[in-house]
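Please read the following note with the structure open beside it. The points are numbered so that each may be checked in turn.

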Amino acid sequence: MSTSPLAAVPDVHRSAPAFRGRIGRDARSGHYAVPHRYRLHLSTACPDGLRLAVGHSLLALDGSCPVTPLPAVPDRPDGGHAALLPLYEASAHHYTGPALAPVLSDDWSGRIVSTHARDILRDLDRFAYDGGTCLYPCGTESVIEAVERMCTEGIEGAAQSAGRAGTDPAERAAALEILLGALGRLERRLLDAEYLVGDRLTAADVELWVTLVQLDTVHRCHLDASAVHRITGHHALWAYARRLTARHAFGRHVDLDGISRRHHGRCRGLESAGAAVQILDWAGHAADAPDASRR
């Protein structure tokens, strides 16, 4: 492992209050599903923002729920976004913390509905208007939640532990085995299936795809080359990632430069040999997307 430190800033992700409003189905719910009322504020350099951007595109919500893009690197010293501060101040009395993204806001009230990305995506799915796309089909919720847990704990959490500088080598090795085990289970599922849940694309695919983007563009930088080669060996999994990247709703949102700048602005870790072993050419696969797959 090299000794080249990456730039470090305080991690403020959990220091802001969580807004967990939900969008209901009618006026009795307060926040109910009507076009042109809500707005997403996000950066696609952030994994939560990338999930929402992809889901928003798949649901064809450009005309009914606009997106306000935010810079990859927050522009305030506290790690927040200046553009979001008025929303936070209007939504929390005497608010003094960082104004973090992503945010779903209510244009009617000028306040925040939610900052919880997975709740937001579920609510957006409830009022999609194209009639043909559903990211949470009836009966799939428990399976999608299991995929979310596997991505969060078995891939992201394990990859962070496997690449954390100063950790006992045995602990890093154990974390790597957890990561490879999760990838192996997904690999076996995708050997004879196009999608994770049934025969259609769901939120589980959005979740896994974003996780794989992060694994290759962020977590890989802190792993040794041997570990990255073992990760790369899951051929069905990475072929699946390539297929999704070639869909316009996925590939158009990959901001490699933004992800890199965000990572280097937040990371306390050390760069390792795996940084030189890119797994996928994300930009190339996105650019090769055929016109027929622009959804």
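Predicted model: local features only at pLDDT ≥ 70, side-chain atom pairs only at ≥ 80, totals over all residues.

1. Leaving aside its neighbours within four places in sequence, with which residues is V73 in contact? V73 is in contact with R261 and R262, where contact means heavy atoms within 4.5 Å.

2. Residues are numbered from 1 along each chain as its sequence is written, and side-chain values use heavy atoms, with hydrogens and water left out.

3. V73 is found in the loop between strand 2 (67–69) and helix 2 (85–91). Helices (H or I, at least four residues) and strands (E, at least two) are DSSP runs, numbered from the N terminus. V73 counts as partly exposed because its relative accessibility is 34%; buried means under 20% relative accessible area, exposed over 50%, and partly exposed in between (1.4 Å probe, protein chains only).

4. Strand 1 (residues 38–42) is largely enclosed by the rest of the structure, because 4 of its 5 residues are buried. Strand 1 pairs with strand 3 (residues 103–106) in the antiparallel sense over 4 bridges; two strands pair if DSSP finds at least two bridges between them. H41 has V103 as its bridge partner in strand 3.

5. Strand 1 and strand 2 run parallel and are joined by 3 bridges. L42 has P69 as its bridge partner in strand 2. From strand 1 the chain crosses through helix 1 (residues 47–58) to strand 2, in a right-handed β-α-β crossover (with the strands pointing away from the viewer, the path from the first strand over the helix to the second runs clockwise).

6. The largest nonpolar core has 70 residues, and L208, W209 and L212 have the most contacts inside it. Such a core is a set of buried Ala, Val, Leu, Ile, Met, Phe, Trp, Tyr and Cys residues joined through side-chain atoms within 4.5 Å. Helix 6 (residues 203–217) gives the most to this core, with 9 residues.

7. Helix 3 (residues 117–126) is largely enclosed by the rest of the structure, because 8 of its 10 residues are buried. Among them are D119, R122 and D123. Their cover includes strand 1, helix 1 and helix 6.
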